[in-house]
Amino acid sequence: MWTPELERQQERQRFDQMRMPHVAAQERGGRAATPRTIHVTQPYLPPLEEFIPYLEKIWDNKTLTNGGPFHQMLEAALRDYLGVDHVSLFSNGTLGLITALQSLRITGEVITTPYSFVATAHSLLWHGNKPVFVDVEPETLNMDPAKIEAAITPQTTAILPVHCYGNPCDVTAIQKIADNYNLRVIYDACHAFGVRDAGGSVLRHGDLAVLSFHATKVFNTFEGGAIISPDAKSKQRIDHLKNFGFVDEVTVVAPGINGKMGEVNAAFGMLQLKHLEKALERRAQIDAAYRMGLSDIRGIRCLAQTAEGTRNHAYFPVLVGPEFPISRDALYELLKSRGIHGRRYFYPLISDFPMYRGLPSAQRSNLPVASEASAQVLCLPIYPALGNFDVQRVIDVIRTACD
Ligand code: T4K
């Protein structure tokens, strides 16, 4: 016989089937009381017991870092998984960016986007390079290729675009400009793990692409990163640079840095890979649920996903427009007051931080699209352990602002 309770139970079961099992169990335990605080993201962690055998191997062989067996295994596994030619693991994405620029001997002015995490532009300052900001496209919030040419000067040597939120840049247009002006292209692909376009991995574009495996990323090694390079020679130079410039015991060819990933991180990466498909599937479900649940709310725009290919649903940004009854910041606070911690990625713009705002290219008038997006964007929680009840909670709170 039908009862409201029975219906609730059945609905519960349907949700549980969609979710990762340990998450479902966790949520059953905590749901009845006050709603849990949820954050913009939460790292995916496989069951702890699955990691123990990996640690035992490290304890047995006593190799903790400097290109040990797990490091080599993970480079090979990622080459296969991502469908790329060469992978150099790093201890984080920022050191990957810094080393990528060094390996290509980039000097002078570099055209980049203000709409990113601050590490993108910071990597340029570490080499004394001058960031030149260009505006972004309204649809993707990626660097607008139509704005690049006007920013090129005789000092320009490279372009540093970001596949923001994992949406591929207009790689064809960017490469065309780079070829015409003999510029290098380094993609900050820190959001683009596993993203593919019609021709394969998005990481194959440009001279180099840099990934982050930070705890907040789709694929994490606690901290970590990688440079994807197209040929063995580039990889070799990068591998020297991430190890102080050492080529052998007595030869140092460049003032390299210590950017190596350790064995525990690499081992964790191997384990993460086993769970990745499931985690990505869940992200896609959440993305779809938000899009459906928010579709009829005036003033909330979900960022479109570009064309064909595979997306990783790393972030779920919405733009809170003037037709929405309250401002982006008021919505951010409202959600927070209900235990939902979204994030304003990317506010402030990089170009508004003190070390950049004096640059002529940092002026708001040069960056109207990025400035507006930065004032409107709110990234909603998305991560594999996020249950449907919580997704609905987020949608409901956004809806209450319209009441
Ligand atoms: N380029 C781009 C385009 C990037 O987005 C990034 C990093 C980089 C380069 C540099 O790569 P890495 O050097 O970091 O590998 C976070 C991350 O720290 C940063 O990696 C990331 N981008 C950026 C977009 O977001 P915060 O300051 O927002 O992180 P935090 O600590 O506030 O974390 C956000 C939420 O995640 C927390 O509220 C709770 C949750 N969280 C976080 C951590 C660290 C957890 O549940 N567990 C955790 O361990 O910068």
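**Entry 1: Arg291 and Asp287.** I looked up Arg291 in this predicted model and found that Arg291 counts as partly exposed, at 25% relative accessibility. Its salt-bridge partner is Asp287, with the closest N and O atoms 2.7 Å apart. Asp287 counts as buried, at 4% relative accessibility. I noted that both residues belong to helix H9 and lie 4 residues apart, about one turn of the helix.

**Entry 2: a network.** I then traced salt bridges that share partners; Glu75, Lys235, Asp239 and Lys242 are joined by them into one network. Lys242 is buried, with 4% relative accessible area, whereas Asp239 is partly exposed at 22%.

**Entry 3: Lys147 and Asp144.** I recorded a further salt bridge between the side chains of Lys147 and Asp144, at 3.4 Å from N to O. Lys147 is partly exposed at 36% relative accessibility; Asp144 is buried, its relative accessible area being 12%. The count of salt bridges comes to 15.

**Entry 4: H9 against H12.** I returned to H9, residues 263-294, and examined its packing with H12, residues 388-400. The axes are 10 Å apart and the angle is about 25 degrees. Angles under 35 degrees count as roughly parallel, and the two helices H9 and H12 are therefore roughly parallel to each other. Their crossing is right-handed. On the H9 side, I listed Arg282, Ile286, Ala289, Tyr290, Gly293 and Leu294 as making the contact; on the H12 side, Asn388, Val391, Val394, Ile395, Ile398 and Arg399. By class, the contact residues comprise 8 nonpolar, 2 polar and 2 charged.

Methods. Residues are numbered from 1 along each chain as its sequence is written. This is a predicted model: local features need pLDDT of at least 70, side-chain atom pairs count only at pLDDT 80 or more; totals for chains, interfaces and linings use all residues. Side-chain values use heavy atoms; hydrogens and water are left out. Axes are lines fitted to C-alpha atoms, for helices over the stretch in contact, and angles run from 0 to 180 degrees between N-to-C directions. Angles under 35 degrees count as roughly parallel, over 145 as roughly antiparallel, 65 to 115 as roughly perpendicular and the rest as oblique. A crossing is left-handed if the near helix is turned anticlockwise from the far one by less than a right angle, and right-handed if clockwise. Contact means heavy atoms within 4.5 Å. Ala, Val, Leu, Ile, Met, Phe, Trp, Tyr, Cys and Pro count as nonpolar, Asp, Glu, Lys and Arg as charged, and the others, Gly among them, as polar. A salt bridge is a side-chain nitrogen of Lys or Arg within 4 Å of a carboxyl oxygen of Asp or Glu. Buried means under 20% relative accessible area, exposed over 50%, partly exposed in between (1.4 Å probe, protein chains only).
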